[in-house]
Amino acid sequence: MNIALLIILAFLLLSIFLGLRSSKGKDMDLEQWTVGGRGFGAIFVFLLMAGEIYTTFSFLGGSGWAYGKGAPALYVLIYITLSYVLSYWLLPEIWKYAKENKLMSQSDFFVTKYKSPSLGILAALVGVVSMIPVIVVQLKGLGIIVSEASYGAISMSEAVWMGAISLTIYVMISGIHGSVWTAVIKDIMMVAIIGFLGIYLPIHYFGGFQPMFEAIDAAKPGFLKFPEQGLSVSWFISTVILLVFGFYMWPQVFSAVYSARSGKIFRKNAIISPLYTLMLLFVFFVGFTAILKVPGLVGADADLSLLRLSIETFDPWFIGIIGGAGLLTALVPGSMLLMSVATLLAKNVYKEFAPAVSDRHVVRLAKFLVPVIALIAVYFTLNGGETMSALILMGYSLITQLFPSLLFSLKKNNPINKYGAIAGIITGLFIVICITLSSSTLGTLFPTLPQAAKDLNVGIIALAVNFIVMITVSLAFRKHVVQLEPKSVNDI
């Protein structure tokens, strides 16, 4: 067993220890397991929310896209920064309503806002389906990290199974408490390692950032510009808009929001977090460095660029530290995802059909579902070849369909009713799923459209149709209800 693998295993054992330690002395009822008793302060909430940024996608997928796509990779930096601007107004409102109504999941929010258990079930299922690709990203990233950092001593499939088992134990024992304590170590390490790699590698191999970009432009002219078609400027803008709207629609993000002690925390975080996000630039610098130093990585293999370049550059002990940090980027968001999916299925689907069951029974069922969901994610991880970015974008296209209904629900007099919300969400999902499964694009469906229109992100088109259907159906049902109401006392 090499030193790198030993260090990675030490990080894994440390995270499991923190999970056990964090739950000690706590009655792990549903509220404690999912939202930490709503007692987390500004630092812990910040780290939980940041945990959604520094995942295995930002660690490996961000550098992979810089390596394989060039300029379009910058969408990651732009949409996350703009999402924090939106959070300044959005999250305090969600937190306030959740606290007043003792909500514990995203689905609860839709149920109480629209007085519709059916909409709650739909929102829960949308969340589950959307989060599976993101769990796959975490497991895939974890498998890559452990396999590469162990110098092949552990295969990709073995690493995925080890990660899934560890993640399952971690979630079942500690819930959100383990995630928040591990996030402290993870974020400190990620900032240090990403900052170091992003500065050291371009200087080590090219003498600086400008020489690096000049060398890339000379070897691959036009690579650092947006292409005229495909991942063009219109794709970039539509993707950023879609992802900004969807950034806070993930069920695990709602759990992090609910865990806060005060709504003011989110406004403080919105001011600080964009600066924190700038660290992602250093991830891109690593990917750009690897273009000329680790050539030949095609398709999904582009996600290997950061580790392959690091292995060629550093001693095994440092690779172990990089791998340990990468392991934590899978455990923190992965645990939140698994817990959120299990909670949605147990509380917001099962309990709707068996309302008499106790919260303790719901917790037991949620914990039982954790390994089941992990097994499903393992299957898709080992049988899919998509890049991390492709999986993330697919999940976003699905989960963002909840945004219009949520946004209107924050109005004092919501013009949208449950019928419009349900119809809009289902229509948006139908469009995304049909186009994704058929591998179609707007260009293949409507070949006469201008190129800028052809390149629009499918998710934003589905969102626009969702909005139109939601408004239309809400107005139609409102008019129908008004017609059925008695016009005078004599009509009663």
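Which side chain meets that of Lys 347 in a salt bridge? The views below begin with that pair.

**View 1. The salt bridge between Lys 347 and Asp 108.** The side chain of Lys 347 meets that of Asp 108, with an N to O distance of 2.9 Å; a salt bridge is taken here as a side-chain nitrogen of Lys or Arg within 4 Å of a carboxyl oxygen of Asp or Glu. The pair links distant parts of the chain, Lys 347 lying in helix 16 (residues 316-353) and Asp 108 in helix 6, 239 residues apart; helices (H or I, at least four residues) are DSSP runs numbered from the N terminus. Lys 347 and Asp 108 are buried, where buried means under 20% relative accessible area, exposed over 50%, and partly exposed in between (1.4 Å probe, protein chains only). This is a predicted model, in which local features need pLDDT of at least 70 and side-chain atom pairs count only at pLDDT 80 or more, while totals for chains, interfaces and linings use all residues. Residues are numbered from 1 along each chain as its sequence is written, and side-chain values use heavy atoms, with hydrogens and water left out.

**View 2. The salt bridge between Asp 303 and Lys 140.** These two side chains meet at 4.0 Å, N to O, and the pair links distant parts of the chain, with Asp 303 in the loop between helix 14 and helix 15 (305-313) and Lys 140 in helix 7, 163 residues apart. Both Asp 303 and Lys 140 are buried.

**View 3. The salt bridge between Glu 148 and Arg 308.** The closest N and O atoms of this pair are 2.8 Å apart, and the pair links Glu 148 in helix 7 with Arg 308 in helix 15, 160 residues apart. Glu 148 counts as buried because its relative accessibility is 14%, whereas Arg 308, at 31%, is partly exposed.

**View 4. Helix 14 (residues 280-293).** The helix has 14 residues and reaches 20 Å from its first C-alpha to its last, close to the 20 Å expected at 1.5 Å a residue, the expected span being 1.5 Å times one less than the number of residues. Because 11 of its 14 residues are buried, helix 14 is largely enclosed by the rest of the structure; among the buried residues are Phe 282, Phe 284, Phe 285 and Phe 288.

View 5. Most residues other than glycine have a negative phi. Lys 102, in the loop between helix 5 (75-101) and helix 6 (106-114), has a positive phi of about 55° and is exposed, with a relative accessible area of 65%. Lys 115, found in the loop between helix 6 and helix 7 (117-149), has a positive phi of about 50° and counts as exposed at 63% relative accessibility.

Technical notes. Helix = DSSP H or I, 4+ residues; strand = E, 2+ residues; numbered from the N terminus.
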